Amino acid sequence: MTARTPIIAPSILASDFAKLGEECRAVAAAGADWLHIDVMDGHFVPNITIGPDVVKALKPHVSIPFDVHLMIAPVDPYLEAFAAAGADLISVHPESGPHLNRTLKRIRELGCKAGVVFNPSTSPSVIEWMMDEVDLILVMSINPGFGGQTFMRSQLAKIARLREMIGDRDIHLEVDGGVTVETAPLCVAAGATALVAGTAVFKGGPAAYAANIAALKGG
Ligand code: DX5
Ligand code: ZN
């Protein structure tokens with residue numbers, strides 16, 4: 001049996017920030033399914049990136065869904081701003097807020113799909129009692145904060161465990177960090193349905209984006 005073609009979500013963290021709109025249009029035209037937007041606050045993770053105003057400015061540039069990965073604490077006060085800015089999926093780390101269930105419910109109330117992100121040290125059990133409150137599970141195969149890190153193979157077993165927990169529910173299982181043409185098939189084989197890729201998509205500049213995305217989808 002051949003594995004299903006994964007959704008590819010380029011992380012704009014690896015793009016040229018001086019030409020952000022152009023870069024988003026280029027990856028969308030090159031076959032990207034979602035746009036992965038990494039939001040960092042210099043507190044929850046040791047890096048600072050972009051806020052809701054930038055998300056809002058990018059929205060008219062592409063029509064593919066915005067997959068917004070929030071690495072900020074507290075997170076609840078900013079959900080509304082990201083939803084209003086055009087986020088379609090909003091993912092949060094359980095460690096970033098006191099009440100994950102409340103946060104997920106709020107994301108859905110705002111009209112977005114709700115995602116939970118697992119750091120490498122976070123156990124799948126965090127979500128055991130909330131399987132009907134999530135639309136997306138995002139497994140970090142690196143520690144969050146920076147692009148260009150090496151894929152942690154230890155996370156493959158977690159992906160497989162979460163795939164079992166999902167069963168036949170309509171929940172995306174996404175992997176983020178160090179996804180390359182070598183590691184993408186391992187993620188898909190473990191049960192991933194969506195792959196975030198920064199370095200592996202943006203390397204080589206716009207002329208290479210279509211080939212880079214096709215290679216991650218399995219050629
Ligand atoms: C890191 C981010 C990732 C990152 C992935 O905290 O969540 O989305 O951009 O970058 P690569 O694909 O280069 O590992
Ligand atoms: Zn991310």
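Aspartate 176 is buried, since its relative accessible area is 7%, where buried means under 20% relative accessible area, exposed over 50% and partly exposed in between (1.4 Å probe, protein chains only). The model is predicted, so that local features need pLDDT of at least 70, side-chain atom pairs count only at pLDDT 80 or more, and totals for chains, interfaces and linings use all residues. Residues are numbered from 1 along each chain as its sequence is written, chains are lettered from A and ligands numbered from 1 in the order in which they are written, and side-chain values use heavy atoms, with hydrogens and water left out.

Histidine 69 belongs to strand β3 (residues 66-71) and aspartate 176 to strand β7 (residues 172-176), so the pair ties together parts that are 107 residues apart in sequence. Helices (H or I, at least four residues) and strands (E, at least two) are DSSP runs, numbered from the N terminus. Histidine 69 counts as buried, at 0% relative accessibility.

In helix α4 (residues 100-109), the residues Leu100, Thr103, Leu104 and Ile107 are buried. Seen down the axis of α4, these buried residues fall within an arc of 95° (taken from the directions from the helix axis to the C-beta atoms), so they line one face of the helix. The face turned away from the buried side of α4 carries the exposed residues Arg102 and Glu109. Just after α4, glycine 111 takes a positive phi of about 90°.
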